[in-house]
Amino acid sequence: MPQIKILDENTINKIAAGEVVEKPMAVVKELVENSIDSGASAITIEIRDGGISFIRVTDNGCGISFEDIHNAFERHATSKITGINDLFELDTLGFRGEALASISAVAQVECVTKTAKQTTGVCYTINGGLNESVKEIGCPNGTTFIVRNLFYNVPARKKFLKTATTEAGYITDLVTKLALSHPEISFNYILNGKYRLCTKGNGKLIDCIYSIYGRDIVSDIIEFTIDTDVIKGYGYIGKPVVSRGSRAFMNCFVNGRYVKNNVLFRAIEEGFAGYRMTQRFPFAVLLFDINPSQMDVNVHPSKMEIRFTEADKIYSLLCNSIKNAIRNADTIPQVKLDDKKIIEDKPLIHGSGVKTITKIPEPFESKRSTYADMIPSATQNVFREKPLYEPKQQSLFDQTTMQNENKKNYRVVGCVFATYWIVEYNDEMYIMDQHAAHEKILYEKFKKSIENHSVISQPVSPPFVITLTADEENIVNTYKEVFYNAGFEIEHFGGSEFTVSSVPSELFGLCSEKSITDTILMLTEEKELLSSDSSFADKIASLACKAAVKGGRRISEYEAYELVNTLFTLDNPFNCPHGRPTMIKMTKNQLEKQFGRIV
């Protein structure tokens with residue numbers, strides 16, 4: 001057996017660096033988090049070649065004193081904790097004291113820093129873990145770290161890096177999340193000499209989202225707040241129209257730290273149940289405040305994974321809050337047509353970039369004066385200084401319910417393709433999918449019957465005999481009462497076989513051995529999302545969708561009126577149980593633009 005030896009300090013540092021510094025993104029993460037912890041209000045990140053050859057992070061934080069500069073680069077040296085008990089009351093992003101030691105062990109590092117109390121700063125250079133120079137220097141308050149030639153002395157690790165473009169993508173994603181989690185800090189991000197991101201740092205999260213995701217996303221998001229004794233937070237969630245094919249746009253931050261946590265992610269996804277389609281995920285930027293003593297962030301060196309001591313309670317509270325936020329918002333998708341200008345016209349408000357809406361007369365119409373012509377000359381200058389806004393269009397719906405007075409004013413115009421019904425109300429046109437609308441009506445009716453224990457069961461003769469796996473049997477036994485309330489009588493028959501002797505009358509003729517076993521299998525696969533009997537009932541109620549009128553089947557105008565009237569008595573009339581919209585909306589103004597009647 002080889003002799004056991006104690007490793008030298010240089011080797012120990014490089015091994016430790018491998019745990020903390022896996023790629024250039026990890027370097028940026030550690031340095032920027034230190035800048036945030038230093039109290040900085042402005043941080044600039046610059047990288048070249050994906051951060052492999054050059055990284056610079058500059059902040060206006062508290063700086064490092066001349067006396068502490070050596071200790072700052074030692075392993076397990078930190079100003080953020082003093083003992084093990086502090087790990088359970090953390091309010092900083094970094095705390096291990098390994099970042100600077102790990103980075104300097106595998107790169108060429110230069111640190112220029114100054115505190116407000118000192119008249120001069122210090123420039124400290126350390127390469128590959130070896131101190132090179134320390135000298136006084138004139139510099140502003142704050143700290144600048146320059147990291148060059150990452151992994152220059154560990155070529156085996158460097159060869160496993162991705163391309164510069166890929167590594168830069170990791171860093172861009174990181175900076176985006178750091179900016180979202182701290183809207184009170186101004187972030188500037190420079191990639192290969194070009195500005196990629198600039199945030200205001202005014203503390204307004206909506207402005208930060210606008211800077212990162214743009215106008216289209218901001219126009220379709222909903223403000224969100226939660227305030228309980230276990231979890232507090234605020235942020236924005238996207239309407240179903242901005243859902244994405246992955247969880248990349250689900251951003252959760254806990255006490256200023258970006259986290260990947262299944263409890264939070266699943267609560268958000270379940271909160272959107274019924275509003276999103278399968279394999280589509282919500283857009284969310286949510287900043288949570290949770291007592292540090294109620295969680296453990298010391299799970300992984302990256303500190304992105306956390307555990308909660310009251311995970312079930314957090315899940316339930318967040319899920320219900322998301323549902324309420326969506327339920328109280330107008331989620332009807334609005335058709336977005338090409339707004340290209342048909343005829344150019346001189347803007348009413350000079351120099352402001354605001355365009356007028358100019359009515360173009362038909363050949364047989366008399367020429368009309370423009371709004372500018374009607375403004376008295378003495379007041380024209382006033383209007384040129386203030387933007388003019390269109391009056392808010394009165395909607396057919398007040399949040400999620402149709403107003404009684406509005407019911408008298410809407411008109412079902414007709415049907416196209418034996419599926420889509422056109423509904424007119426004032427200056428709005430709604431196009432309703434008869435199948436999706438009927439699905440939603442049947443689903444909510446069946447769900448309420450389950451909750452009120454008023455489902456009528458109908459016997460099946462002879463009973464179905466189904467074979468279940470152990471997991472499926474566990475689902476049936478765990479939620480036996482909910483199955484019973486839903487009209488299903490399922491009894492153990494022997495071995496792995498069960499009998500189904502009754503089904504809900506609403507589904508009689510639609511249920512078969514295969515449909516029932518498929519439903520139980522679906523519930524088994526989603527058992528982690530079944531947080532309560534209510535969520536289980538949601539899944540069962542979706543079986544009613546099978547009875548909905550199909551697209552392509554012609555129904556009468558009277559039936560269409562009944563469909564509209566019934567639809568808007570529901571809690572969520574805007575989406576079918578599978579997340580598809582029941583209707584879309586277009587305004588008269590949009591149509592007139594397309595036909596060139598206005599510009």
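How far is the sulfur of C111 from the closest cysteine sulfur, and which residue holds that sulfur? Select C111 and C123 to find out.

**Before you go on**

You are looking at a predicted model, where local features need pLDDT of at least 70, side-chain atom pairs count only at pLDDT 80 or more, and totals for chains, interfaces and linings use all residues. Residues are numbered from 1 along each chain as its sequence is written, and side-chain values use heavy atoms, with hydrogens and water left out.

**Stop 1: the cysteines**

Stay on C111. Its relative accessibility is 0%, so it counts as buried. A disulfide is a pair of cysteine sulfur atoms within 2.5 Å. By this rule, the count is zero disulfides.

**Stop 2: a pair in helix α2**

Next come the salt bridges. A salt bridge is a side-chain nitrogen of Lys or Arg within 4 Å of a carboxyl oxygen of Asp or Glu. The whole structure has 14 of them. Select E33 and K29. They form a salt bridge, with the closest N and O atoms 3.0 Å apart. Both residues sit in helix α2 (residues 24–37), four residues apart, which is about one turn of the helix. (Helices are DSSP runs of H or I with at least four residues, strands are runs of E with at least two, and numbering starts from the N terminus.) E33 and K29 are both buried.

**Stop 3: a link between distant parts**

Select D433 and R580. Their salt bridge has its closest N and O atoms 3.4 Å apart. This pair joins distant parts of the chain, 147 residues apart. D433 is in strand β20 (residues 428–433), while R580 is in the loop between α18 (557–567) and β24 (583–587). Is D433 buried or exposed? D433 is buried, because its relative accessible area is 12%. R580 has 25% relative accessibility, so it counts as partly exposed.

**Stop 4: a pair in helix α13**

Move to E444 and K440. Here the closest N and O atoms of the salt bridge are 3.9 Å apart. Both residues lie in helix α13 (residues 434–451), and four residues separate their positions, about one turn of the helix. E444 counts as buried at 7% relative accessibility. K440 is buried too, with a relative accessible area of 3%.

**Last stop: a network**

Finally, select E46, R48 and R56. A network of salt bridges links these residues.

Terms used:
Buried < 20%, exposed > 50% of the residue type's maximum accessible area, 1.4 Å probe, protein only.
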